[in-house]
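Please read these notes with the structure open beside you.

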Amino acid sequence: MGKSGRYVKASALLILLGIAAALPWLLGKYQVRILTLAMAWTIATLSLNLILGYTGQASLAHGAFLGIGAYAFGIMVQRVGLNFWISLPLACVVTALLGLLVGLPSLRTKGPYFAIVTLCFNVIILKVFENWNWLSGGIQGQVVPRPAFLTQRWARYYFVLAFLLLTLVAMRLIVKSLLGVTLMSIRSNEDLAEAVGINSFRNKLLAFVISCFVVGLAGALLALENGQLDFTITNYLYSFYLLIYLLIGGVATLSGPVVGTIGLYFLLDYMKNIGIKGVEEFRYFLFGLILLLVIIFFPMGITGGVKRAWEWARGRFRKGEAGEVAG
Amino acid sequence: MTALLKVQGLTRLFGGLVAVNKVDFEVPEGSILGIIGPNGAGKSTLFNLIGGTIPPSEGKIFFAGRDITGWRPYRVAREGIARTFQTTALFEELPVYVNLVIGRRMRTRSGLGDVLSRTPRMRRERDETTAKVMEVLEFTGLGRYAGEPAGSIPQEAQKRLAIGVALMGEPRLLLLDEPTGGVGMGETDEIIDLIGRVRERGITVCVIEHKMRMMMSLADRMVVLNFGVKIAEGEPRKVCEDPAVIEAYLGECIA
Ligand SMILES: Nc1ncnc2c1ncn2[C@@H]1O[C@H](COP(=O)(O)OP(=O)(O)OP(=O)(O)O)[C@@H](O)[C@H]1O
Ligand SMILES: [Mg+2]
């Protein structure tokens, strides 16, 4: 059973990959663009999943780090004129280093206090980028030039898809390892983790820095796809967006962030296009409504709900089988 | 025998309350020390002080000759002191075997680099951990629960699991805070048997218990606390007959 289960899973993954590879040739130009953006956002949601879903620390600073990654990348390729292949990893490193500086004091606080401290940081960063025009480029922002091999829409799609897959593989390696189990122990019972010799602060800091590295990557990819950026990318509202994508998709799973982010991103975009008036305001209401429904009916998110439904169906199937044998 | 644990003038204040008051005792290596006392006597506080959960107001703690006073819990654990908590503490939503894996983590070194590039060290540590998990599952008799969430197994099995998690780090000293608390009378035998087998492995044990009868058969020596003060110490039978103990404990000697 275990082996055949793995077979099913592997073939399902291969089919999904095939579909993902074929999509640019099946979808319209606009849809390819939206999907590219949604995949970049998924990377951001995956980063939040590591620190919140697995380590149990609710960071509300990820909007800020997303923006910092985007600007670090934009400034390096455009204003400094660095090589693209140097700028991209360097932007992630810069974001991770800032994450280290922010994590050192803020991770001394716990639970809701950590959420509030990180939210405050995000608000400050937004104000900084809003007011320091020399840094953010003011209202117009700045352009983000693309290298020649990424001028085509489909090329950018595959580029972002590759990074999404890379992030998924890295996350899987982390959460299935001794390190991942260590992070989960802190989420589960920090006092006990300390009592069995785990330095919880050090491990939380590590998770936070990795998370910032990854969200920095997401920011850089968003800037790349958009071809320009302005200070609004540092908005703390994005911290909440990521939180909602994650909660709705399913925390502490790898498929949850993918399903939640891409699903919601398309839903919101669709609503905007069928012309629901005032959708920008309406969407907070809709977010709230979806969140409420998901929390009531699927406390483990959409993927958790699907998994439960699957187990329930299988249980019934088994019962049916057993009944037949008995009868 | 030399003392593995030595506590000197240990004192802890909570506001005006003296929860632990100038307590001294020693635990020889390889022995079992029983700690008894009425509710609120300061027994759990004593363990919290030794384990580093809270710092002492005064006094010193020596472990294997080393001053560990005021150390953070994870350092105390790495030094070789493992513990269980009065209200059973487990990683409840995680499977039983994962609880054990976590108990071993401090003896492994694999970091982010090892994990991402799947180094030989990571593989070796993973295999070693798996082997140790198998051994402890067998030792604690928890094999049939291995895949179940720790919070969903019976209370008595949870108590054994907490001891198993503590054993994963191969401690020299094990502190057990009411290991049979909240467990039905008929189910305590397995836990008592387990503690006996832990000692046979050469691990020193300090155990807090209310059940006098259990202590009589298990402990080599006993310490009695009352209002934070040590009022008696010695062999179980002698302590049990001590008039001060009988008065404080409101109990007669059942042996
Ligand atoms: N963190 C704390 N803050 C304030 N007072 C505390 C704290 N921990 C313990 N106390 C107090 O210290 C005293 C000793 O408590 P402790 O838990 O050590 O008793 P105990 O001997 O373990 O009792 P029991 O048999 O009920 O477990 C009690 O009066 C308790 O209320
Ligand atoms: Mg107690």
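Is B:Arg118 buried, partly exposed or exposed? Point 1 answers this, after a word on the model.

This is a predicted model, where local features need pLDDT of at least 70, side-chain atom pairs count only at pLDDT 80 or more, and totals for chains, interfaces and linings use all residues. Residues are numbered from 1 along each chain as its sequence is written, chains are lettered from A and ligands numbered from 1 in the order in which they are written, and side-chain values use heavy atoms, with hydrogens and water left out.

1. B:Arg118 is partly exposed, because its relative accessible area is 35% (buried means under 20%, exposed over 50%, partly exposed in between, with a 1.4 Å probe and protein chains only). B:Arg118 sits in the loop between helix H4 (112-117) and helix H5 (120-140) of chain B. Helices are DSSP runs of H or I with at least four residues, strands are E runs of at least two, and both are numbered from the N terminus. Phi of B:Arg118 is near 45°, a positive value. Most residues other than glycine have a negative phi.

2. B:Phe227 also has a positive phi, about 50°, and is not a glycine. Its loop runs between strand E9 (221-226) and strand E10 (229-234) of chain B. B:Phe227 counts as exposed because its relative accessibility is 68%.

3. Now look at ligand 1. It has 14 residues around it, and B:Asn39, B:Lys43, B:Ser44, B:Thr45 and B:Gln86 come nearest (a residue is near if one of its heavy atoms lies within 4 Å). A polar side-chain atom of B:Asn39 lies 2.9 Å from an oxygen atom of ligand 1. For B:Lys43 the distance from such an oxygen is 2.8 Å. For B:Thr45 it is 2.5 Å.

4. Taken alone, ligand 1 exposes 640 Å², and the protein buries 61% of that (Shrake-Rupley method, 1.4 Å probe; for residues, only the protein chains shown count as cover). H1(B) gives the most to the shell, with three residues.

5. Turn to chain A. A:Trp25 lies in helix H1 (residues 2-26) of chain A. A:Trp25 counts as exposed because its relative accessibility is 57%. A:Trp25 and A:Trp154 are 129 residues apart in sequence, yet 8.5 Å apart in space, C-alpha to C-alpha.

6. A:Val80 belongs to helix H3 (residues 62-80) of chain A. A:Val80 is exposed because its relative accessible area is 54%.

Notes. Polar contact = N/O pair within 3.5 Å; in protein donor to acceptor, adjacent residues only side chain to side chain.
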